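I opened my notebook to look up the pockets in this structure. I wanted to know what lines them.

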Amino acid sequence: MIVFSVIMSVQDFKKMSVTGWIFYLSWAVALLNHVIFNRQDIFLYGLSTIIFAAVYFVVKILSKNKFGTGDVYFGIFQGITGILPKNIWICVSLETILALIFILIKKDRKIPFIPFMALGMIITYFIGFIL
């Protein structure tokens, strides 16, 4: 999870886009992980994937495509990797707060969002162990 998050974050930060094959590979590895190690919760991760994809797709439409397709794909990755439906609001809130802080500091409205999504996902993943 962290390896793919870092790769996609660096690529998004440098080029404002992420190569498609990285998304597909990350999805395949995450799904394989669930099939091998965590079969009983696969329905919950499927539900999370659908919720994340829907939320980010709506944001993409409402932002008039200022939110990239890669961000929607990373949302799918977030759902597959293990953010449970009850923790999605924590993840999305953290991402938004981190991105807003960055925008205020950098004073640029065009930012790569995947690094903030990755950081929010990782923090939420560890918060999920506490809750």
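I began with the lining of the largest pocket and asked which element gives the most to it. I found that α5 does, with six residues. I noted that this is a predicted model.

Next I looked up where α5 sits, and it covers 88–106. I also listed α3 (42–62) and α4 (69–81).

Then I checked the volume of the largest pocket. I read about 770 Å³. I saw that 26 residues line this pocket. Which of them are the closest to its centre? I wrote down Lys66, Phe67, Arg109, Ile111 and Phe113.

I sorted the lining of the largest pocket by class. I got 14 nonpolar residues, six polar and six charged.

I moved on to the second largest pocket. Its volume is about 350 Å³. I found 20 residues in its lining. Closest to the centre of this pocket are His34, Tyr45, Thr81, Gly82 and Tyr125.

Which elements give two or more residues to this second lining? I noted α2 (20–37), α4 and α6 (114–130). From α2 come five residues, the most of any element here.

I sorted this lining by class too. I recorded 10 nonpolar residues, nine polar and one charged.

Last, I put my entries on α4 together.

Terms used: Residues are numbered from 1 along each chain as its sequence is written. This is a predicted model: local features need pLDDT of at least 70, side-chain atom pairs count only at pLDDT 80 or more; totals for chains, interfaces and linings use all residues. Side-chain values use heavy atoms; hydrogens and water are left out. On a 1 Å grid over the protein atoms alone, a cavity is a set of points where a 1.4 Å probe fits but cannot get out, and a pocket is an open set with protein on both sides within 12 Å along at least five of seven lines; lining residues have an atom within 4 Å of a point. Grid points are joined across faces, edges and corners, and a volume is the space filled by probe spheres set on the points. Helices (H or I, at least four residues) and strands (E, at least two) are DSSP runs, numbered from the N terminus. Ala, Val, Leu, Ile, Met, Phe, Trp, Tyr, Cys and Pro count as nonpolar, Asp, Glu, Lys and Arg as charged, and the others, Gly among them, as polar.
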